[in-house]
Amino acid sequence: MAEIQTINLLIESLRKLPGVGVKSAERMAYQILDMKEEYVHQFISSLDGVINRIGKCPICGSYMEDNICPFCNDETREQNTIIVVSSYKDALAIEKLKSFRGKYHILNGSLSPTKGIGIKDINIDSLLKRVSSPEVKEVVLATNPTIDGETTALYISKLLENYPLVVTRLAYGLPMGGQLDYCDE
Ligand code: ZN
């Protein structure tokens, strides 16, 4: 077989994307081969940026390109309420609703005994640091209504019991197992 190593590698890389099987990966790879060079360069540059320009915000755990993320950098946001979500995608889903003007805290994961994800694997320590500030009055737990999300919310609400805070759980109106990033406005 006349295999070309670089094309195989491209197909293998595309297959790492969720929901992409061999056939789709091959189709995408051949489309990339036919693309204008400037678009391929744009791809390369954006992927390179993922490694070299994107970091995690030291305050809230969101993605950032500078020293602080756009959420924490936004001084028009109310300081007294923090909404805790599992992922950056979930924060964006809440942003789309345009009804929350407080700050975010992104855990970058959920506690999951079955997947071996424990408290040290998610961004909880910096949350405790943040809620120690007297400015913070309320924490809304908006982890997803899945088993892992509920476990995480329960654990954090226990941790926050000793702080002078109002701790609430986001009411979803979503079916069981429904996830924030799949809901629309
Ligand atoms: Zn931040």
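A salt bridge, as I use the term, is a side-chain nitrogen of Lys or Arg within 4 Å of a carboxyl oxygen of Asp or Glu. Keep that in mind for this one. Please also note that the model is predicted.

Let's start with the salt bridges. The structure holds eight. Take Glu150 and Arg169. Their closest N and O atoms are 3.4 Å apart, and the two residues form a salt bridge. This pair links distant parts of the chain. Glu150 sits in helix α7, Arg169 in strand β6, and 19 residues separate them. Glu150 is partly exposed, at 36% relative accessible area. Arg169 is partly exposed too, at 28%.

Next, Lys158 and Glu161. Here the closest N and O atoms of the salt bridge are 3.6 Å apart. Lys158 is exposed, with a relative accessible area of 52%. Glu161 counts as exposed because its relative accessibility is 53%, and the cut-off is over 50%.

Now a network. Salt bridges link Asp74, Arg77, Glu95 and Arg101. Within it, the side chains of Asp74 and Arg77 meet at 3.7 Å, N to O. Is Arg77 buried or exposed? Arg77 is buried, at 4% relative accessible area. Asp74 is partly exposed, at 22%.

On to the metal. Which residues coordinate the zinc ion? Cys57, Cys60, Cys69 and Cys72 do, each through SG, at 2.3 Å. The site is tetrahedral, with angles of 98 to 116 degrees among the four donor atoms. For reference, the ideal angle for four tetrahedral donors is 109.5 degrees. The donor spacing in sequence reads C-x2-C-x8-C-x2-C. Cys60 and Cys72 link distant parts of the chain, 12 residues apart. Cys60 lies in the loop between β1 (55–56) and β2 (63–64), while Cys72 belongs to helix α4, residues 70–73. Cys60 is buried, at 0% relative accessibility. Cys72 is buried as well, at 13%.

Ser112 is in the loop between β4 (103–106) and α6 (125–131). At 0% relative accessibility, Ser112 is buried. Its side chain makes a polar contact with the side chain of Asp148, at 3.3 Å. Setting aside neighbours within four places in sequence, Ser112 contacts Ile117 and Asp148.

Then Pro164. This residue is in the loop between α7 (147–159) and β6 (166–169). Pro164 is exposed, with a relative accessible area of 76%. From the C-alpha atom of Pro164 to that of Leu97 the separation is 28 Å, and the two residues are 67 apart along the chain.

Note on methods. Residues are numbered from 1 along each chain as its sequence is written. This is a predicted model: local features need pLDDT of at least 70, side-chain atom pairs count only at pLDDT 80 or more; totals for chains, interfaces and linings use all residues. Side-chain values use heavy atoms; hydrogens and water are left out. Helices (H or I, at least four residues) and strands (E, at least two) are DSSP runs, numbered from the N terminus. Buried means under 20% relative accessible area, exposed over 50%, partly exposed in between (1.4 Å probe, protein chains only). A polar contact is a pair of N or O atoms within 3.5 Å; within protein, one must be able to donate a hydrogen and the other to accept it, and residues adjacent in sequence count only if both atoms are side-chain atoms. Contact means heavy atoms within 4.5 Å. Donors are N, O and S atoms within 2.8 Å of the metal (3.2 Å for Na, K and Ca); water is not among the atoms, so sites may look incomplete. Four donors count as tetrahedral if all angles lie between 85 and 135 degrees; four count as square planar and six as octahedral if opposite donors are over 155 degrees apart and all others between 65 and 115; anything else is irregular.
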